[in-house]
Structure formats: C-alpha cells, structure tokens
Amino acid sequence: MTTDKQTRVAVLLGSYRAGSLNRRIAEHLRDNAPAGVTVDVVEGIDTIPFYNEEIDGETAPASATALRESVAAADSVLAVTPEYNGTMPAVLNNAIDWLSRPYGQGAIVGKPFAAIGATPTPYGGKWSHEHARHSATIAGAVVVEGIVVDESAVEGDPLENEAAVQRFLGALDALVAHEVEAAA
C-alpha cells in the first residue's frame, strides 16, 4: 500500500534471543515494507527495568524514555512476539506498562495496534497475541480488528513459507491502511 505521507510503524519485539524467529519476521517486514512505510524495530526494551511508579516521572530510566519517544513518534504499533507459557513474554508486557503511563496520556494512547508472530507450537502464539492486544487496549491503544497472524513454527521456518510471509506482510498492510483511514 502506498500513502501520500511517510507512515511510521514502531515494532515491539517479544523475544531478544540471538537468532529469534520473531526478530527475523520484524526485520523482514522492515526490509520489505511498502513504499511510504517505515518499519522501525524498537531496540532496548529488554533493558528497561520492570515498571515501578517510584522510578517513573521526570527522571524515568533513559531506556524507558527512549521507548516512549520512539512509540510517540510512530503512527502505529506492531508487536511481533512468540508465546511463553501461554501468554506474552514479560519484556513485551513491561514495555506496554511503560507506554501506558502517565495514565490516559501514555505514548501508546490512541495508536493503532496489532500483534502477530510465530512460535514453535501448534497454536502459533495465539494466546500471546490475544493477551498483547488486550493489554494494549487497556493501555489506550486502538487494536485493529481482523489482524491475526499466529504462525506455527513446528513444521519449519514460516519465513520459508511464501503463504506465511504474505500473511505477515498483509498484517502490516492492514495496520497501515487503518492508520491512513483514521487520518483521513
């Protein structure tokens, strides 16, 4: 999809493991984004301390401030995440917690949001993605309905499956299309 202005999508990763499949998915989206779309993989969320009101405010940790600034500058947010024990990884949940503050005014408030990814289970991370969408909704994001890409990696790398790759790219297109429609 091509837009008249540059649309920026901030990607929050749920896995920081070396060689992470979900990082590779995010990088594939970044490298194959349609014209007019910039996909920025937000780095450093794995270094943010767990949310604690006592360390938030004017002297919030630099890593939390950088996360907030990156998401505030984006038009929409895409979580690309595996599933740990039937839910989203703590690093992603913590990022959403930081983005939700200050209450009602956090960097994620009003941003179109979607969660996609892959995991080596038959379910492809569906609970993680569902929980990320729920948490983002409570944090004030606008979860875009219909963007559901839960790819199983049991049978192999989804990035080697053209149909799966097209579903990932389709999710990005749908998120951007929602942003363009909302801005019109």
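**The nonpolar core and its surroundings**

Guide: The largest nonpolar core has 27 residues, and those with the most contacts inside it are L12, L67, V71, L92, L99, I108 and F113. Two or more residues of this core are supplied by each of strand 1 (7-13), helix 2 (62-72), strand 3 (76-80), helix 3 (90-99), strand 4 and helix 4. Helix 3 provides the largest share, five residues. Please bear in mind that the model is predicted. As a general matter, nonpolar side chains tend to be buried together in soluble globular proteins.

Leaving aside residues up to four places away in sequence, I108 touches V71, V77, L99, S100, F113, A136, A139, G140 and A141. A second, separate core of 26 residues includes V9, L29, V37 and V39.

Among the contacts of I108 is A139, which lies in helix 4 (residues 126-139). A139 has a relative accessible area of 9% and is therefore buried, the limit being under 20%. With residues up to four places away in sequence again left out, A139 touches I96, S100, I108 and V109. A139 and A107 are 32 residues apart in sequence, while their C-alpha atoms are 9.4 Å apart in space.

Strand 6 (residues 149-152) has V149 and E151 on a covered face, with D150 and S152 on an uncovered one. In a regular strand, side chains alternate between the two faces of the sheet.

The aromatic rings complete this view. The count comes to two aromatic pairs. The rings of Y51 and W98 have centres 4.7 Å apart and planes at 75 degrees, so this pair is edge-to-face. The pair links distant parts of the chain, 47 residues apart: Y51 is in the loop between strand 2 (37-41) and helix 2, and W98 is in helix 3. W98 is buried, with a relative accessible area of 0%. The other pair, Y123 and W127, is tilted, with 4.9 Å centre to centre and 50 degrees between the planes. Y123 is partly exposed, at a relative accessible area of 45%, and W127 is partly exposed as well, at 32%.

Terms used:
Residues numbered from 1 in each chain as written. Predicted model: local features only at pLDDT ≥ 70, side-chain atom pairs only at ≥ 80, totals over all residues. Heavy atoms only, no water. Helix = DSSP H or I, 4+ residues; strand = E, 2+ residues; numbered from the N terminus. Buried < 20%, exposed > 50% of the residue type's maximum accessible area, 1.4 Å probe, protein only. Contact = heavy atoms within 4.5 Å. Core = buried A, V, L, I, M, F, W, Y, C linked by side-chain atoms within 4.5 Å. Phe/Tyr/Trp six-rings, centres within 6.5 Å; stacked < 30°, edge-to-face > 60°.
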